[in-house]
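Here is a short report to read beside the sequence and the 3D view. It starts from a single residue and then widens.

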Amino acid sequence: MNIYVILKQTFDTEEKIAIENGQITEDGVQFVINPYDEYAVEEAIQIRDAQDGSIYVVSVGPERSTEALRTALAMGADEAVLISDERIGSDEYSVSKILASYLGSQSVDLVLGGYFSVDSGGGQVGIRLAELLDMPHVGSITELNIADGKATATRDAEGDQETVEVTLPALFTAQQGLNEPRYPSLPGIMKAKKKPFTQLSLDNLDISEGDLVAKTERKNISLPPEREEGRMLSGEVSDQVKELVDQLKNKSKVI
Amino acid sequence: MSKTILVVAEQRDGKLRQVTYEAIQAAKLSSSEGDLIHLAVLGSDLGGLQDTLSSLDVEKVFVVDDTDLENYNPEAYSNALSQVLDSENPEGIVFGHTAVGRDLAPVISAKLNAGQISDVTAIDSSVEGTLYTRPIYAGKAFEQKTFQSVPWVLTVRPNNIESDSAQGTPEVEHVSYQKPSSIRTVIQEVVRKTSGKLDLTEAKVVVAGGRGVKSAEGFKPLEELADVLGGAVGASRGACDAGYCDYSLQIGQTGKVVTPEIYIACGISGAIQHVAGMSQSKIIVAINKDSEAPIFKIADYGIVGDIFEVIPLLTEEFRKVVATN
């Protein structure tokens, strides 16, 4: 079975965001595998280990994404592919077109990815890709079982649980709860250095120029307004509670 | 020339969800004079919606009512919606950023080669065109985007775009569902865990628990408080990781982003990842034993104390106020 994991490198979720010259600054920032993509990598490893096959981790992004792909290799993925090119538009339309162009030329049984990225949060690329590859998909899954060319997935829909069966090849996007991602082991890190790592540019893909142009554009970026200093209540607990309710009702008028 | 914007409605238990009215408003804000706003409703056994649909403030309503559409199935739903899109050719399509909208919108965007802006919280018209505001990094920053081509697709976050109560007299057209030649997706079972409960992202009041709640049992007082205020219960990642509650309740950078009118953080320390998911709430109340907890830095009101003492008192006090409202 050929399992493809689409992966994005994102800011560590503990990072604070700062803006300089209209851009989010990357100075001194720690980068990680998008946490939801990490569930996808782990799930791929478990499926491969139980059923045999190979795991290819694929990323569209800047050179630094190499690090995230290496981490996935150290976790247990078999091969990595980085598609990096300054001509690629940055929106979900362009990225999904690139991925579709690459995966469309491979023999794919299963595609896994996170259900959104914690930086841009668009939640589009995985599902767009499924549609472009003409595969069924199940989004936001918390459980996945594969047998006899079919997959059964449990999906989280605003807290409700849906069990969905699809025929393979198919694409799944991972939600928290799917598994517990492993840490790369030291032997894993050593082995990762010898695993195949392919870097591609647009010249290696069969894609038209029109597919590279983003369909949306960022016009500006800002930080949320600072919250004003709040009020610590004091006195007996029962008095604090009375005062809080009174404030919410009469001052803030929210109840 | 006038253009059409299609709103994809969402209904649950025979009612339109509030986010649908917000999506109609988003369509209005994205339109120019003379443009038409149309609406599509997909589902099964939609007869009960008749009165609601025929008084919506839109020009036309398409109803696709078929047993195949009883539960959300991406293939069946995109097929049904494509039928409407083929005849309508809208310039814009608006979804709620809900479980269905988040899943269906990218399918449609890919089909139409359309740009999509997801999770929009505000819409402004400027000389540069219509600007769509959306949170990035789970609300640690905001970006404003525009579309560079048509058609375009939007998903709007529940609870952020204020809808009006305008009524209209749309033409209602029933579209018969044409089964696709093959369907690869089968919905085997749907377990409604949240039936009757308010969705976190739509709730006006959120009562959230952290590690300080100490156990699954410890969420009971929080649920009571939420019930009194007609709100929903949420949690920090710490509480989910500790197994006190389901991950579907998690608020934060990995998890849900909520913007209620009142956010009551109970026994939550205020890690940056959690704050990212709730800092845009209108009023934040924090209750924590530790007076040094970072959550107090962003709270409008802070109570230092044991949540198991404070919450029941708070529930009683709110109950009195709610009774007199």
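## A buried histidine

B:His38 has a relative accessible area of 6%, so it counts as buried. The model is predicted. B:His38 sits in strand β4 of chain B, which spans residues 36-43.

Its side chain has a polar partner: the side chain of B:Glu88, at 2.4 Å.

## Chain B as a whole

Chain B holds nine helices and 18 strands. Its radius of gyration is 21 Å, close to the 20 Å from the globule rule for 325 residues, so chain B is as compact as a globular protein of that length. Along the principal axes, its C-alpha atoms fill a box of roughly 60 × 45 × 40 Å.

Of the 325 residues in chain B, 60% count as buried. Among contacts in chain B with a separation of 6 or more, 63% join residues 24 or more positions apart. The chain exposes about 12700 Å², and carbon and sulfur atoms supply 47% of that area. Chain B carries 28 positive and 43 negative side chains. The centres of the two sets lie 7 Å apart.

## A covered helix in chain A

Helix α2 of chain A runs over residues 65-75. It is mostly covered, with eight of its eleven residues buried. Among the buried ones are A:Ala68, A:Leu69, A:Ala72 and A:Leu73. An α-helix has 3.6 residues a turn, so residues three or four places apart point the same way.

The buried set also includes A:Ser65, A:Thr66, A:Ala74 and A:Met75. Just after this helix, A:Gly76 takes a positive phi of about 145 degrees.

## Backbone exceptions

Most residues other than glycine have a negative phi, and most peptide bonds are trans. A cis bond joins A:Leu168 and A:Pro169, with omega about 0 degrees. A:Pro169 lies in the loop between β11 (160-167) and β12 (170-174) of chain A. In chain B, the bond from B:Val150 to B:Pro151 is cis, with omega near -5 degrees. B:Pro151 lies in the loop between β10 (141-147) and β11 (152-156).

A:Asp134 is not a glycine, yet has a positive phi of about 55 degrees. A:Asp134 is in the loop between α4 (125-132) and β9 (137-147) of chain A, and counts as exposed at 54% relative accessibility. For A:Lys253, phi is positive, near 50 degrees. A:Lys253 falls in the segment after α6 (237-251) of chain A, and is exposed, with a relative accessible area of 61%.

How values were computed
Residues are numbered from 1 along each chain as its sequence is written. Chains are lettered from A and ligands numbered from 1 in the order in which they are written. This is a predicted model: local features need pLDDT of at least 70, side-chain atom pairs count only at pLDDT 80 or more; totals for chains, interfaces and linings use all residues. Side-chain values use heavy atoms; hydrogens and water are left out. Helices (H or I, at least four residues) and strands (E, at least two) are DSSP runs, numbered from the N terminus. The radius of gyration is taken over C-alpha atoms; the globule rule is 2.2 Å times the number of residues to the power 0.38. Buried means under 20% relative accessible area, exposed over 50%, partly exposed in between (1.4 Å probe, protein chains only). Contact means heavy atoms within 4.5 Å. Accessible areas come from the Shrake-Rupley method with a 1.4 Å probe; for residues, only the protein chains shown count as cover. Lys and Arg count as positive and Asp and Glu as negative; His and the chain ends are not counted. The place of a charge is taken as NZ of Lys, CZ of Arg, CG of Asp or CD of Glu. A polar contact is a pair of N or O atoms within 3.5 Å; within protein, one must be able to donate a hydrogen and the other to accept it, and residues adjacent in sequence count only if both atoms are side-chain atoms.
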